[in-house]
Amino acid sequence: MKYRMYKELMEQPESLKRTLKAEGDRMSQISNDIADCRRIYLVGCGSSLSTCYSARDAVAMNYELNIDVMTGYEFYYHRKIEEGDSVVIFTSQSGETADTLAALRRATDLGLKTVTITNEPESTMASESRSTIITRCGREEAILGTKTYMTQLLALYMILFGMHTDEVSDGMLSELEELPDEIGRLLSDTEDDCRGLAEEHAGEDIFYCMGSGPNYGLAYKLAMTMLMEGALKHACPLYSGEFRHGLIERVEKGVPVIFLESGFPGDELTERALRFCESLETRNIVFRMSDYSDLNSLLSPFVLAVPLEWFVYYLAHFNGEDPGSTRHIGKVRY
């Protein structure tokens, strides 16, 4: 059986192509407009928050930018928001997320530069933001953000790396252009293996999800909006470096732990946690960037998202659940 999420998964390459073609020049313009800003706030919720984490950490590994990541209401209630030369970039699939919209209105009241990345051109956030990037995905109905996640993350990388003019930035922007074809290949090449992996772990009820650097954002998405929302499994995300606090005392034989590894400096700790878990005979599931793509490791959240999407899709299926449905979430549908 193919659920609605299946169609949206397969639309990811074309969504990336359309967004690059339609919004590439606009993203470059925004990069130039904010290049001199002293502080950048990235604001989002759910999957959108995860893109903020990944983009922040990817940029921080190369540039000395002051970037803060906040949820909508964190920004709204924060007592010390730097005004002056600051920009706030908002991420929202629907452009109607209540707390993110409230944060946008506060930023506007403070006189800050505002940029919204959304999939809805007629949304409130698109109309109220000073600058807007529209991800060209078409309607996304499944709860598990796939094509909107990819294009939203693409826009953040394009804008933030585009603020610089050096070899790192040029290389990153060039490889981002290659993403649509690479994502298309991964969708084809990884489905069967991840279907088998999901069937093997269908009876598990809790998963720990671990990553470092830009992969923490993906680990957050995996746990919060993929496993819990899509597959209805208990899940917990954590930075690899935090394994020795909390989880080291809770993990035990037979417990599934998902490791995201891409050769980042912090992955020394990912590997140490993996070896410790192996000694306890936990059920380790390792997704390594090098097994899937030769692209720059900073693009790991894009690359590893694909096999993880298949894994969660079939994990839900083998438990008799529709990975695109919801039970309680009051998410705006559009």
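This is a predicted model: local features need pLDDT of at least 70, side-chain atom pairs count only at pLDDT 80 or more; totals for chains, interfaces and linings use all residues.

Residues are numbered from 1 along each chain as its sequence is written, and side-chain values use heavy atoms, with hydrogens and water left out.

**The annotated stretch**

Begin by selecting residues 30–169, where UniProt, in an unreviewed entry, places the feature "domain: SIS"; UniProt positions are given in the numbering used here, feature names are shortened, and annotations may be inferred rather than shown by experiment. Over residues 30–169 the chain is 43% helix and 19% strand, and the end C-alpha atoms are 15 Å apart. Helices (H or I, at least four residues) and strands (E, at least two) are DSSP runs, numbered from the N terminus.

Next, select Ile67, which is found in strand S2 and is buried, with a relative accessible area of 13%. Buried stands for under 20% relative accessible area, exposed for over 50%, and partly exposed for values in between (1.4 Å probe, protein chains only). Leaving aside residues up to four places away in sequence, Ile67 touches Ile40, Leu42, Arg56 and Val59, where contact means heavy atoms within 4.5 Å.

**Aromatic contacts**

Now show the aromatic rings: the structure holds 22 aromatic pairs. Rings of Phe, Tyr and Trp (its six-membered ring) pair if their centres lie within 6.5 Å, and planes under 30 degrees apart count as stacked, over 60 as edge-to-face and the rest as tilted. One of the pairs is Tyr63 with Phe161, edge-to-face at 6.2 Å centre to centre and 70° between the planes. This pair links distant parts of the chain, 98 residues apart, since Tyr63 is in the loop between helix H3 (47–60) and strand S2 (67–70) and Phe161 is in helix H7 (residues 147–161). Tyr63 counts as buried at 11% relative accessibility, and Phe161 counts as buried at 0%.

Move to Phe207 and Phe311, another edge-to-face pair, with 6.1 Å centre to centre and 85° between the planes. Because Phe207 lies in strand S6 (residues 206–211) and Phe311 in helix H12 (residues 300–318), the pair ties together parts that are 104 residues apart in sequence. Both Phe207 and Phe311 are buried. Then select Tyr3, Tyr6, Trp310, Tyr313, Tyr314 and Phe318, which form one aromatic cluster.

**Helix H11**

Which residues of H11 are buried? Select Asp267, Thr270, Ala273, Leu274 and Cys277, and you have the buried residues in H11. Seen down the axis of H11, they fall within an arc of 105°, so they line one face of the helix; the arc is that of the directions from the helix axis to the C-beta atoms. An α-helix has 3.6 residues a turn, so residues three or four places apart point the same way. The face of H11 turned away from its buried side carries the exposed residues Glu268 and Ser279.

Among residues beyond four places away in sequence, Glu271 touches Glu261 and Arg288.

**Two positive phi values**

Most residues other than glycine have a negative phi, and most peptide bonds are trans. Select Glu281, in the loop between H11 and S9, where phi is near 65°, a positive value in a residue other than glycine. Then select Leu232, in the loop between helix H9 (214–227) and strand S7 (234–239): Leu232 has a positive phi of about 55° although it is not a glycine, and Leu232 is partly exposed, with a relative accessible area of 30%.

**Last stop: Cys209**

Finish at Cys209, whose place is in strand S6 and which counts as buried at 0% relative accessibility. Not counting residues up to four places away in sequence, Cys209 touches Ala219, Leu222, Ala223, Leu227, Cys236, Pro237, Leu238 and Ile258. Cys209 and Leu227 are 18 residues apart in sequence and 9.8 Å apart in space, C-alpha to C-alpha.
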